[in-house]
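Biologist: Could you show me how to read the packing in a model like this one? I would like the general idea each time, then the case at hand.

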Amino acid sequence: STKRCSVIIVGAGVSGISAAKELSENGVDDLVILEASDRIGGRIRMENFGGVSVELGAGWIAGVGGKISNPVWELANQSGLRTLFSDYSNARYNIFDRCGKIFPSGLAADSYKKAVESAIHRLRNEAANVDEPATTPKTPIELAIDFILHDFEMAEVQPISTYTDYGEREFMVADERGYEYLLYKMAETFLLTSEGKILDNRLKLNKVVREIQQIRDGVSVTTEDGCIYEGNYLILSVSIGVLQSNLISFQPVLPRWKTKAIEKCDVMVYTKIFLKFPYKFWPCGPGKEFFIYAHERRGYYTFWQHMENAFPGCNILVVTLTNGESKRVEAQSDCETLKEAMQVLRNMFGPGIPDASDILVPRWWNNRFQRGSYSNYPIPMINNQVVHDIKAPVGRIFFTGEHTSERFSGYVHGGYLSGIDTVKALLEEMKIENKRSSESQTFL
Ligand code: FAD
């Protein structure tokens, strides 16, 4: 017969690991963590590329410098993680047109100001349900700025809790151990580790959960390789994209209020494409780290960054695509993508620049354990009921993950805090159940 544990945690990303740590600290040690992939970290993922460590998933600690300290910033400081301040404010003065000319700074500043004002206006109207025809961005520079403001969630347009609570600064992780080192440091406090490896057999890798069944006083889980695990409770930390897919089936099926809420949450796809060059041909002085390409197609290889500040001499550029462009690029060969990116770079820097010697294209949308990059609750529609329902437990199944964070969805700190929050709710439930069962025993 299957040995039953107290809590099964599905997923070993930041929320799953922080939940497990919180449980351990509260004396609940008989837990099992089932992770579909062969590593911990989830959407925090470092890979070696072109001689350095690049972050395919989360790359920044967002929300630093305010009155309250961001808990992930604290973890980073405790672990001695190497980070660099990212100053995006100059990006608007490095906007290239299709002929490689940089827009004059006056025009760029003016377009930026107008775009911010019009975006604020649009949001206010949407929130108030006013149906006034909005001015839509049309010219390449307007489209480029609109992309930066919205797809990158710049704080100027809307009060985002991450920035209002923790401060407006962002720090990029540039550490050879990767952002994921923070997760390892967390895991080390409660799991058996040795020489950088987790040896604890409560962490089970390559276990793809396919079915979650509510049984008498507990939960039973079946994995793709046919194993069965039983627990008194289950914490489910898979992404909103995975919840929307049919990877996991539930018995009995999830109630309608739950599936409706899950369907309402948008999934954002965010793709950082890395390109390695034999030498650098882009400007590297102060204020040049970020640059923008203005094209008539919104989001077409718009946002660029050189990695010289992070790793001097690495000769790597990163370009970020989102949503439709991400999906389009995921579906084509990397060779095609390389050709497109090179054409854009030649438009900006001239025909004489060298070809990239290597390319890395992450595929978050087509990864069946992710199905996207992060949750995106549309601001005017932010309706606490949706987040509330996404987070609310169903019987003995408790939900966690960045998408369950009311204030910080979409961020690493959202995932981290949600793990702790979910465990607090679960511990309350366990207390009530213990009380109930001891009362019924006294009665007997
Ligand atoms: P995940 O990390 O997705 O963890 C869930 C785990 O569940 C995964 O390990 C997955 O493999 C596993 N799983 C899925 N299905 C199953 C199954 N059936 N059975 C078992 N296991 C399963 N945040 C920031 O703060 N700053 C940034 O700069 C930033 N940039 C980002 C850039 C990109 C490209 C991406 C993808 C994300 C970015 N984020 C950023 C968001 C941040 O990475 C996430 O919010 C956070 O890591 C989510 O953690 P999580 O624990 O909620 O989910």
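Biologist: At what angle do helix H2 and H6 pack, and how far apart are their axes?

Modeller: Some ground rules before the answer. This is a predicted model, in which local features need pLDDT of at least 70 and side-chain atom pairs count only at pLDDT 80 or more, while totals for chains, interfaces and linings use all residues. Residues are numbered from 1 along each chain as its sequence is written, and side-chain values use heavy atoms, leaving out hydrogens and water. Helices (H or I, at least four residues) and strands (E, at least two) are DSSP runs numbered from the N terminus. An axis is a line fitted to C-alpha atoms, for helices over the stretch in contact, and angles run from 0 to 180 degrees between N-to-C directions. Now the case: helix H2 (residues 71-79) packs on H6 at about 80°, and their axes are 10 Å apart. That makes H2 roughly perpendicular to H6; the scale is under 35 degrees for roughly parallel, over 145 for roughly antiparallel, 65 to 115 for roughly perpendicular, and oblique for the rest.

Biologist: Which residues of H2 and H6 meet?

Modeller: A contact means heavy atoms within 4.5 Å. From H2 come Val72, Leu75, Ala76 and Ser79, and they meet Tyr181, Leu182, Lys185 and Met186 of H6. Sorted by class, that contact has 6 nonpolar, 1 polar and 1 charged residues. The classes are Ala, Val, Leu, Ile, Met, Phe, Trp, Tyr, Cys and Pro as nonpolar, Asp, Glu, Lys and Arg as charged, and the others, Gly among them, as polar.

Biologist: How do the axes of helix H1 and helix H6 cross?

Modeller: Helix H1 (residues 14-25) and helix H6 (residues 181-188) have axes that come within 9 Å and cross at roughly 20°. That makes H1 roughly parallel to H6. The contact uses Val14, Ile17, Ser18 and Lys21 from H1, with Leu183, Met186 and Ala187 from H6. By class, the contact of H1 with H6 has 5 nonpolar, 1 polar and 1 charged residues.

Biologist: Is the crossing of H1 and H6 left-handed or right-handed?

Modeller: A crossing is left-handed if the near helix is turned anticlockwise from the far one by less than a right angle, and right-handed if clockwise. H1 passes H6 in a left-handed crossing, whereas H3 passes H4 in a right-handed one.

Biologist: At what angle do helix H3 and helix H4 pack?

Modeller: Helix H3 (residues 105-127) and helix H4 (residues 140-151) pack at about 55°, with axes 10 Å apart. H3 and H4 are therefore oblique to each other. Among the residues that meet here are Ala108, Tyr112 and Arg122 in H3 and Ile145, Asp146 and Leu149 in H4. By class, this contact has 8 nonpolar, 2 polar and 2 charged residues.

Biologist: Now the sheets. In what order do the 6 strands of the open sheet stand?

Modeller: Strands of a sheet pair through backbone hydrogen bonds, either parallel or antiparallel. Two strands count as paired if DSSP finds at least two bridges between them. The 6 strands of this open sheet follow the order E7-E18-E19-E20-E17-E21, with mixed pairing. Strand E7 (95-96) and strand E21 (358-360) are at the edges with a single partner strand each, so one side of each is left without a neighbour in the sheet. Inside this order, strand E17 (residues 270-276) runs antiparallel to strand E20 (residues 316-322), and 7 bridges join them. Leucine 275 stands opposite leucine 317 in E20.

Biologist: Which strands form the open sheet of 3 strands?

Modeller: That one has the order E5-E8-E6, with antiparallel pairing. Its twist averages 30° from one strand to the next. E5 is joined to strand E8 (residues 169-173) by 4 bridges, and tryptophan 60 has methionine 172 in E8 as its bridge partner. H2 comes back here: this helix lies across E5, E6 and E8, running at about 120° to E5.
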